[in-house]
Amino acid sequence: MALIRLAEVAGQERAKRLLRLAQSRGRTAHALLFHGPAGVGKKMTARAFAAFLLCQAQEGGDSCGRCPSCRKLAADNHPDLLVVRPEGAQIKIDQIRELKRTLAYASSEGGFRVVLLADIHQTMPRAEVANSLLKTLEEPPADTVFILTAVEAAGILPTIVSRCQGIPFYPLADELVRDRLLAGGLALDKAPEIAAISGGSLVRAREFAEGGLLASWGEVLSELLALSPVRPGAVERVFALAERIAGLKEELEAMLNLLQAWLMAALLAGAAGRAGGEEVLAAQRRWPPARLLVKLELLRLAQRQLRCNCNRAFVCEVLLWGLVTD
Ligand SMILES: [Zn+2]
């Protein structure tokens, strides 16, 4: 993985300012929790801040990109950056034990040591595993900084949250997402629409721009907007659409994310009186905010059920009925 510098992280100026300020005063907390929506740069910032802490020649509030430490990071080969990746879906208790054994020794380079634990709302759902980490979070070895990331702090054990300094991350501005898409040479003509529907998530916007999903997405949206449960043939059309979506395989999750972003954009556009894309406006005109909220809740339920390996076709049918109902 290439070295990432803080300056390269899109937006999140407040988070970056907080982190740099604490560091310049020698007051970086020993456990940080980056929390906020998915795809807005938490993991990227975690890597960039780790590089900053480990850099031997920091300059201008950032890593230098040239010192031995930066070069090791660029080669994905820095002994003092410990990335705990889940084995399978979750982090195992043995991995935490192993981490503790490693931390019992001094850092290799004599400076900071950084431990990254990403997406802990998914990778660390078991209290047993989280609890095994608590003591270390409370009394970490000297010069060790833990950086945890999570989508919203709500799903995480309060005991973990209380031992970390929370750093909030926010949705990115549409213009920033658009500019990054354009800079990446992606979907030049579609960049503004994609940005508008990305919910401030660059990851989601890229997912949207790159996949074959874009074509399906347009068709699914127009079919959804055209469907009304009271019209003849609605049952067959809803089932056909459900079958099509369920057949998306790995892209199903992205499709549901897009539906979520679309409804969220309709809700926010209504709240702020902002203009959105054509489909966003159509949704906003058709459903009042209370209905949009119900639909968003249905989407969350469907996402949860799919993660639990429920029957995909069935989950999609129930979801679509809920989505087309006025
Ligand atoms: Zn450096």
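Contact here means heavy atoms within 4.5 Å of each other. The structure is a predicted model, in which local features need pLDDT of at least 70 and side-chain atom pairs count only at pLDDT 80 or more, while totals for chains, interfaces and linings use all residues. Residues are numbered from 1 along each chain as its sequence is written, and side-chain values use heavy atoms, with hydrogens and water left out.

The protein is divided into domain 1 (6-168) and domain 2 (211-324), with bounds that come from an automatic or database domain assignment. Between the C-alpha centres of domain 1 and domain 2 the distance is 35 Å.

Next comes the sheet. Helices (H or I, at least four residues) and strands (E, at least two) are DSSP runs, numbered from the N terminus, and two strands pair if DSSP finds at least two bridges between them. Five strands, in the order S2-S3-S4-S1-S5, make up an open sheet with parallel pairing. Strand S2 (81-83) and strand S5 (165-168) each have a single partner strand and stand at the edges, so one side of each is left without a neighbour in the sheet. On average, neighbouring strands of this sheet are turned by 20° against each other, direction ignored. For the angles, axes are lines fitted to C-alpha atoms, for helices over the stretch in contact, and values run from 0 to 180 degrees between N-to-C directions.

Strand S1 (residues 31-36) runs parallel to strand S4 (residues 144-151) and is joined to S4 by six bridges. Alanine 31 stands opposite phenylalanine 146 in S4, and glycine 36 has valine 151 of S4 as its bridge partner.

Buried means under 20% relative accessible area, exposed over 50%, and partly exposed in between (1.4 Å probe, protein chains only). Seven of the eight residues of S4 are buried, so S4 is largely enclosed by the rest of the structure.

Valine 9 is found in the segment before helix H1 (13-24) and, at 2% relative accessibility, counts as buried. Leaving aside neighbours within four places in sequence, valine 9 is in contact with Ile4, Lys16, Gly41, Met44, Thr45, Ala48 and Arg180. Glycine 41 lies in the loop between S1 and H2 and is buried too, with a relative accessible area of 16%. Not counting residues up to four places away in sequence, glycine 41 touches Val9 and Phe169.

Helix H11 (residues 213-226) and helix H12 (residues 234-246) have axes that come within 11 Å and cross at roughly 160°. That makes H11 roughly antiparallel to H12, a term for angles over 145 degrees. Their contact is made by Ser216, Glu219, Val220, Glu223, Leu224 and Ala226 of H11 and Arg237, Leu241, Arg244 and Ile245 of H12.

Terms used: Angles under 35 degrees count as roughly parallel, over 145 as roughly antiparallel, 65 to 115 as roughly perpendicular and the rest as oblique.
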